[in-house]
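Reader: Please take a close look at the side-chain contacts in this model, covering both the rings and the charged groups. I would like the geometry spelled out pair by pair.

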Amino acid sequence: MANHRRPPPIVQKSRRESMKTADGLKLYGLDAELAAKDAKKFDADLMGDAQTWLEELIGEPFPTDFMASLKDGVILCKAMNVIKPKTIRRISTSKLAFKQMENVTGFIKACRKMGVPEYQLFTTPDLYEGKNRNQVIQAIVAFGGK
């Protein structure tokens, strides 16, 4: 005989308040709460300004939306090399995840060397996994300020 008990109220509430990530995965509980908090802080105008500045800096438009275009780190590395030539010597165009994350990490390290404060930088998963777009935007703005 199957057990047809209802889940506890906290689980039911969590399921009702679930959110989806950019990849379409559902978030529950604390992850959903953090994503909702992040969404409230989101500034579309600031993201648009950051995108426009990067497009003008490297001389090419973003191929897709903001986060997806930056995910492989190529645009960020190109922008760094425009500001400070030969800072990032190898920019990988590979589709392999670890190569794309190396590009992002190279950009972050170069920002540190330029003097962008640590609290204004993002981590590689913030961008690659789409965990914190606000911090990514903030770091680009801080990079532009340097």
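**Side-chain contacts**

Author: In this predicted model, the charged end of Lys-71 lies over the ring of Tyr-128, at 4.7 Å from the ring centre. That contact brings a charge and a ring together; the others below are taken by kind, rings and then charges.

There are four aromatic pairs in the structure. In one of them, the ring centres of Phe-62 and Phe-66 are 6.0 Å apart and the planes meet at 25°, so this pair is stacked. The cut-off behind that label is a plane angle under 30 degrees. Phe-62 and Phe-66 are both buried.

Another pair, Phe-107 with Phe-143, is edge-to-face, with 5.2 Å from centre to centre and 80° between the planes. Here the angle falls in the class over 60 degrees.

Turning to the charges: side chains of opposite charge can pair when their charged atoms come close. The structure has four salt bridges. One of them joins Lys-78 to Glu-60, with 3.2 Å from N to O. This bridge also links distant parts of the chain: Lys-78 is in helix H5 (residues 74-83), while Glu-60 is in the loop between helix H3 (44-58) and helix H4 (66-70), 18 residues apart. Lys-78 has a relative accessibility of 31% and so counts as partly exposed. Glu-60 is partly exposed as well, at 33%.

A further salt bridge is formed by the side chains of Glu-118 and Arg-112, at 2.8 Å from N to O. Arg-112 has a relative accessible area of 41%, which means that this residue is partly exposed.

Glu-129 and Lys-131 make another salt bridge, in which the closest N and O atoms are 3.3 Å apart. Glu-129 is partly exposed, with a relative accessible area of 45%. Lys-131 reaches 54% and is therefore exposed, the cut-off for that class being over 50%.

Key: Residues numbered from 1 in each chain as written. Predicted model: local features only at pLDDT ≥ 70, side-chain atom pairs only at ≥ 80, totals over all residues. Heavy atoms only, no water. Phe/Tyr/Trp six-rings, centres within 6.5 Å; stacked < 30°, edge-to-face > 60°. Buried < 20%, exposed > 50% of the residue type's maximum accessible area, 1.4 Å probe, protein only. Lys NZ or Arg CZ within 6 Å of the ring centre and 35° of its normal. Helix = DSSP H or I, 4+ residues; strand = E, 2+ residues; numbered from the N terminus.
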